[in-house]
Amino acid sequence: MELSVIIVNWNTRDLLAQCLESVYANPPNGEFEIIVVDNGSSDGSVDMVRERFPEVLLIENLENTGFARANNQAIRISAGRYIQLLNSDAMVTPDSLEAMATFMDFHPQAGVVGPMLINRDGSFQASFAEFPTLWTELCLLTGISRLVIGPYAPSPRPKLYAVPEQVDWVAGAAIMVRRAAIDRVGLMDETYAFYSEETDWCWRMNQWGWQVWYIPLIKVYHIGAASSRKRSHESYIQLYDSKVRFFKTAYGPRAANRLRFVIKVMAFLRLTVRALMLPITTVFSKSRTMPRIQQDIALIRHMISSD
């Protein structure tokens, strides 16, 4: 089989339907299969797949097992020479799946290929980046990165001349992975509950000599954060937990501890500034600021408890 398309879903029924429709409307040339892993949805996602897409191989988890573990479930039973990981809030465009597979065919050292992610209006979305360092994370936390790198940081701005380029890592919303590379490098690290799984995977691909490519001529629509919005505080904490975990894996415990310290300090500074400004802000601004204050409080408490 040429391609296995794997979609992990958690309470995004309508988006999942659009995602599946886009795959069937724009299939690859060779034989392919679609595997949907549902992570304990309560919105009727499972029934929708059964009724509208009976040919899809459906895995039903009783709870949300996390992005990495759910993808690994599907990879283990998949038959494709290439594995297409596709978020439920993504929609493939004409020839995008075939183009990624063709690129893999002509680049045997390519372990991972990622397209340009675009918003529904066709505008650019963060699609790739260099591996994070303590400096780049500090820039992100302070907002300096938006001045240095651009509004899509850590992803660079789209280039005027769109040509394939080898990069450190690509966003996991729509990546194609070579099965031979997975056989050598291993599956996704299931200790990542959410976020940074693709960064870690690309890091390991790099360590084993496999290349990671970004192909801006291939475009895939991606809404973004459709599942994580449903659990704001938890997702916010998991984002930084995953960053620390990656630092520990890639750079060692000392680097992870330094990042944890920087995250706590910056969260405290943000919290202090927002709290001081709160009495003089408008009602509309307060409605936006209070959730951020609560997020930073939750993050600080979590980081202190995990020291």
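**Surroundings of R178**

Analyst: In this predicted model, R178 is in contact with R81, Y82, M104, H107, P108, A110, G111 and W210, leaving aside its neighbours within four places in sequence.

User: In which strand is the place of R178?
Analyst: The contacts of R178 include A110 and W210. R178 itself has its place in residues 174-178, which form strand β10.

User: Which side chain of opposite charge is nearest to buried R178, and how far away is it?
Analyst: A salt bridge requires a side-chain nitrogen of Lys or Arg within 4 Å of a carboxyl oxygen of Asp or Glu. R178 is buried and has no salt bridge. The nearest side chain of opposite charge is D105, at 5.8 Å.

User: Which backbone oxygen atoms does the side chain of R178 reach?
Analyst: One is the backbone oxygen of M104, at 2.8 Å. The side chain of R178 also reaches, at 2.8 Å, the backbone oxygen of A110.

**Salt bridges**

User: With which residue does D105 form a salt bridge?
Analyst: Side chains of opposite charge can pair when their charged atoms come close. For D105, the closest N and O atoms of the pair are 3.2 Å apart, and the partner is R81. This pair links distant parts of the chain, 24 residues apart: D105 lies in helix α4, and R81 in the loop between α3 and β4. E2 belongs to a network of salt bridges with D105 and R81.

User: Are R204 and D200 buried or exposed?
Analyst: R204 forms a salt bridge with D200, with the closest N and O atoms 3.0 Å apart. Because they are four residues apart in helix α8, about one helical turn separates R204 and D200. Both R204 and D200 are buried.

User: What is the relative accessibility of D14?
Analyst: D14 forms a salt bridge with R13, the closest N and O atoms being 3.3 Å apart. R13 is partly exposed, at 35%. D14 counts as exposed, because the threshold is over 50% and its relative accessibility is 51%.

**Pairing of β11**

User: How many bridges pair β6 with β11?
Analyst: Strand β6 (residues 110-118) runs parallel to β11. Within this pairing, A110 has Q211 as its bridge partner in β11. The bridges between β6 and β11 number eight.

User: Which residue in β11 is the bridge partner of M91?
Analyst: Strand β5 (residues 90-92) is joined to β11 (residues 211-222) by three bridges, and the two run antiparallel. The partner of M91 in β11 is Y221.

Definitions and conventions:
Residues numbered from 1 in each chain as written. Predicted model: local features only at pLDDT ≥ 70, side-chain atom pairs only at ≥ 80, totals over all residues. Heavy atoms only, no water. Pairing = 2+ DSSP bridges. Buried < 20%, exposed > 50% of the residue type's maximum accessible area, 1.4 Å probe, protein only. Lys, Arg positive; Asp, Glu negative; His and termini not counted. Polar contact = N/O pair within 3.5 Å; in protein donor to acceptor, adjacent residues only side chain to side chain. Contact = heavy atoms within 4.5 Å.
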